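Take a look at the structure below. This report walks through its charged pairs, a sheet, some backbone details and the chain as a whole.

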Amino acid sequence: MVGQRQPVVTGAPEQESEHFLVVFAGYHRPWATWIAHQLEGHGHRVTLQRWDPPREVPLETALRDLLLARGRVLLVLSDWFFQLGPRPDGEWNRALRGVIADNAPRFAAVNLTNRTLLPATAVLEPVDLWGVGAEEAARRLLTRLDLPSGTQQWSIDAPGIRYPNDPPAVWGGVPRRNARFTGRDELLNDVQQQLMDAQHGTSVSVLLGMSGIGKTQLAVEYAYRFSSDYDVVWWVNSDLRGTQRERFAELAPELGLRTGSEPGERIRAVREALRRGEPYGRWLIVFDGWDDPEDASELLPSGKGHVLVTSRNRTWATSSTSVVQVRGFDRAESTGYLMRRAPRLTPAEADQVAVEFEDIPLQLAQAAAWLGESDMAVPEYLRMVREGQLMGLDDQPGLDGYPISSRTSWAILINRLRESQPHAAELLTLCTSFAPGRIPLGLVRQLPESELPTNLTWLATDLPGWTRALDTLVNYSVLTKEFREPTSEDRPDSVHMHRLVHGIVRELTSRQDRPAHRQVVRRVLAAADPGDPGDSRQWPRYAELLPHLEPSGAFGSTNRRVQDLLFNCLRYCFRSGEYRTGMELADKIRSHWSEMFAPDDPPMLDLTLDQCNILRSAGRFQEAYELDRAVIERLRSVARVDELAVMYAASSLAADQRFLGQYTEALQLQREVLETSNRLLGPEDYFTLNAQHNLAVGLRQLGRYDEAHELDLETLRRRETVLRARHWATLNSGNACARDLRLMGRFREALARQELGMRMHVQVMGASHPQTLRARHNLALCQRRAGNTREAGGLLASLLEQMEQVHGRSHYAYLSLIADYGSYQRSHGDLGLARELTDRAQTGFRTLLGPAHPVTTGMLSNIGLVLHVAGERAHALSMFEAALAGLTAALGEDHPWVLGCALNATGGRNFNGRLDSAAELSRDTLRRARRALGPEHPLTLSCEVALAADLRALSEHKEAGKMEEDALQHLTLTLGAQHPHTLSARQRVRPYWDFEPYLG
């Protein structure tokens, strides 16, 4: 076999090489592959032949055709093998007694089942491989073929040789194998070939097709049929982004990766482990139902493994993936499936049914279930289907392309259930008040009997009735039981309901009971609320509940517990970084609540606060601002003003203003918020401490670093007392203090504090939590300012993928990171990369914030530095001057950002020959820096060094020398003799200032 070493065989007598034709049903490919490996390992030649001769070919003829091959024929038998066709037992027995008996020396067989085979298989003398270990199975195989076994010393370095009864090292979430899976062999082989032939890192195959066409069943069968090719097989339900990310992240502990519980951190670790192939290089990840590929680049793993996606979205065809169009069954597959499921059908009858349902697998499954369970004649069944009248289905989304007869057949089934299995009909109707896909149906049985309507009390009291009803729906292919992980004892039993089935059944079942059923589902969801959206360990549960909110009517509920669930789901989206999902959820809640509550009712005010938190975190600052401003105007316009409500709204509005660059207005409003909170709630209240923290943010944005640090220190001390040292808010205060120290020029102190804070962030929040990433970003900046340039560069580089994974490329946190990394590369690395990163950051900020925002304007100075290093000095100067003018107008001439831009502009003027103008600006900038930052701040000292250079250029050497000597002395005292700033000043390298984008 390709890529496989032959085993060393010792202790075996010399033997002649033989040829074996291994004949198997596609279902048992792993066994055929393993058998071939055993025989090839003993020096024999093997040909694998998947066997499913057309039903119109006589079985005797098909078996005689096998004898055309040289050597012996080994049949891999099971009850599945004898369902090929399918063919009557009598036909099999005749062929076995005829063709096989006449050529007994040429045939042998192995048996893979513990069920009784046809009587005539005795002529094959099959050896039983069911339920034995690999060594015993190999011994029995070789003994049956009269081959000496010898002693093998295997040297294995290729896929496809694992003993089929031994699962992959990691196997998770794959649905149960469909024992009725039919055909599709060519399609499965094509998928495998595509994946095997793809370049490493791009092995992604997308099964594309309409609902009900069998994409998921294909993926399930692929996972089992080719499982011996992989060490890891992991299934990711991808109907919703949140559920998808949570499930993919759960692979981290299975791979033995040491991470926190935050999904972003785990996803990054999983992708990196898969890329490296450590600890496993042969892996298969299945993303089932991935219909929104917008964020595919953030999730798809790369490496030596394979990715299989099922989807209805045709935009996958435009991406760099291999697309396999999944269509209906071939007619032979359709009739074969129908006759296996309903053995009483003749080939002609099966063909009539297949034609009626246009070979659509899901519809054939329902028809076959009906015909297999009932004794209704096929013509009568087809007459009912064709004459049935279904109203309201033609406009149902997702039903395009489905024959009306298919929909009618569901009506027949549901009517039968109502008559013969009323409990099953009630359970089916209840399922339509959940969302399609995974339904945590077991939660219903946990409700008290008193919370169930009279007709559903049996759900809580009648376990046998529950089991019978559920089994009936599974047998009729309406539901499938979900695979349950061995470690999921705390999770309820769940079922899966196909979205197409859900849509049809919902239209056909009674609307009369729907309000009561939806109320039951709402109670189920509220009872399942973990109650702590800030705990990352509970995030998978919230992701599971989210899709069922809308179909259950939770958005319109007046029940306080249900409303609390909605708030907790919103806060889960905020805390976990699922901002897009959170924004959609908030819009839906607002749409319903606007009809239930007045704009200034407490639920609406709370909704606005949560919604604006998500909007700001997603970079939608103006939308948050408009919402908050409208709320606060309403609150202030009433006769009796609610001070607390105004305070909460004002706090949110001040946050919007900070992000929009309205720093002065935000600071004033935040002062009012803090004063009100101190008066109404007290200085140690949680909200008061948040307000105090945010006031320090406002001071920092205005360049008042000393005041911000004093306030942050006070907040930190209080939070350590009132909360705890390891609370996320306390850690955030530690971040703020370190940032203040760095901006104040106290680089060593900042680094020491941030190193400690960083370790605590990883321990408490996980390595990829958004707050941890901000802390790590700040640590990198502290390292760079403290002179640890190599460590800073490595940390910034390692953060890029993590930040992109958690936030995406358009988020302000990612843009800030690439801006800072671009500055680092300009000074210490690749100018081309620096230019690319700086341009991307500036463009991103312009799109996000607009051209006049202080951050967008400040980025022009970084653009100018790149141009200056590239030798484009005139263009660079225009950027410096534009940044200086824009920031002066926005922030005033004494803001540190303005002083930094002025420092760069002095250099630009000097290098463009405008010496007098450069010296004049340098002198004025130094004066203002001493006043705003103090005489020993590194930026002030850089201004001194720059002025000395400008004076020297004007031949004013005496003043230049004195100024340079003073600057060097203070740089040595404050930063150290070996600090890069000190060394550059001593070597008379012109100082510059990097703009560090900061939004709060």
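E272 is buried, with a relative accessible area of 18%. The cut-off for buried is under 20%, so E272 counts as buried. Its partner is R275: the two form a salt bridge, and the closest N and O atoms are 2.5 Å apart. R275 is partly exposed, at 45% relative accessible area. Both residues lie in helix α9, which covers residues 263–276. They are 3 residues apart, about one turn of the helix. Keep in mind that this is a predicted model.

A second pair is E836 and R840, whose side chains meet in a salt bridge at 3.6 Å, N to O. These two are 4 residues apart in helix α35 (residues 831–849), so about one helical turn separates E836 from R840. E836 is partly exposed at 42% relative accessibility. R840 is also partly exposed, with a relative accessible area of 26%.

What about E91 and R87? Their side chains meet in a salt bridge too, at 3.0 Å from N to O. E91 counts as buried, at 16% relative accessibility. R87 is buried as well, at 6%.

| Salt bridge | N to O distance | Relative accessible area |
|---|---|---|
| E91 and R87 | 3.0 Å | E91 16%, R87 6% |
| E272 and R275 | 2.5 Å | E272 18%, R275 45% |
| E836 and R840 | 3.6 Å | E836 42%, R840 26% |

Salt bridges can also link up. R742, R784, R785, R826, D994 and E996 are joined in a network of them. A search of the whole structure finds 52 salt bridges.

How many charged side chains does the chain have? There are 114 positive and 126 negative ones. The centres of the two sets lie 2 Å apart.

**A parallel sheet**

Strands of a sheet pair through backbone hydrogen bonds, either parallel or antiparallel.

Strand β4 (residues 72–77) and strand β5 (residues 107–111) run parallel, joined by 5 bridges. L74 stands opposite A108 in β5.

**Backbone details**

Follow the chain on from β5. In the loop between β5 and β6 you find E125. Its phi is near 50 degrees, a positive value in a residue other than glycine. E125 is exposed, with a relative accessible area of 54%.

S955 also has a positive phi, about 70 degrees, although it is not a glycine. S955 lies in the loop between α40 (938–953) and α41 (957–975). At 53% relative accessibility, S955 counts as exposed.

Return to helix α9 for one more detail. P279 is in the loop between α9 and β11 (283–288). A cis peptide bond joins E278 and P279, with omega about 10 degrees.

**The whole chain**

Step back now. The chain has 42 helices and 16 strands. Its C-alpha trace spans about 115 × 80 × 45 Å along the principal axes. Of its 1000 residues, 58% count as buried. The chain exposes about 41000 Å², and carbon and sulfur atoms supply 48% of that area. Take the contacts between residues at least 6 apart in sequence: 69% of them join residues at least 24 apart.

Note on methods. Residues are numbered from 1 along each chain as its sequence is written. Side-chain values use heavy atoms; hydrogens and water are left out. Buried means under 20% relative accessible area, exposed over 50%, partly exposed in between (1.4 Å probe, protein chains only). Contact means heavy atoms within 4.5 Å. Accessible areas come from the Shrake-Rupley method with a 1.4 Å probe; for residues, only the protein chains shown count as cover. Lys and Arg count as positive and Asp and Glu as negative; His and the chain ends are not counted. The place of a charge is taken as NZ of Lys, CZ of Arg, CG of Asp or CD of Glu. A salt bridge is a side-chain nitrogen of Lys or Arg within 4 Å of a carboxyl oxygen of Asp or Glu. Two strands pair if DSSP finds at least two bridges between them.
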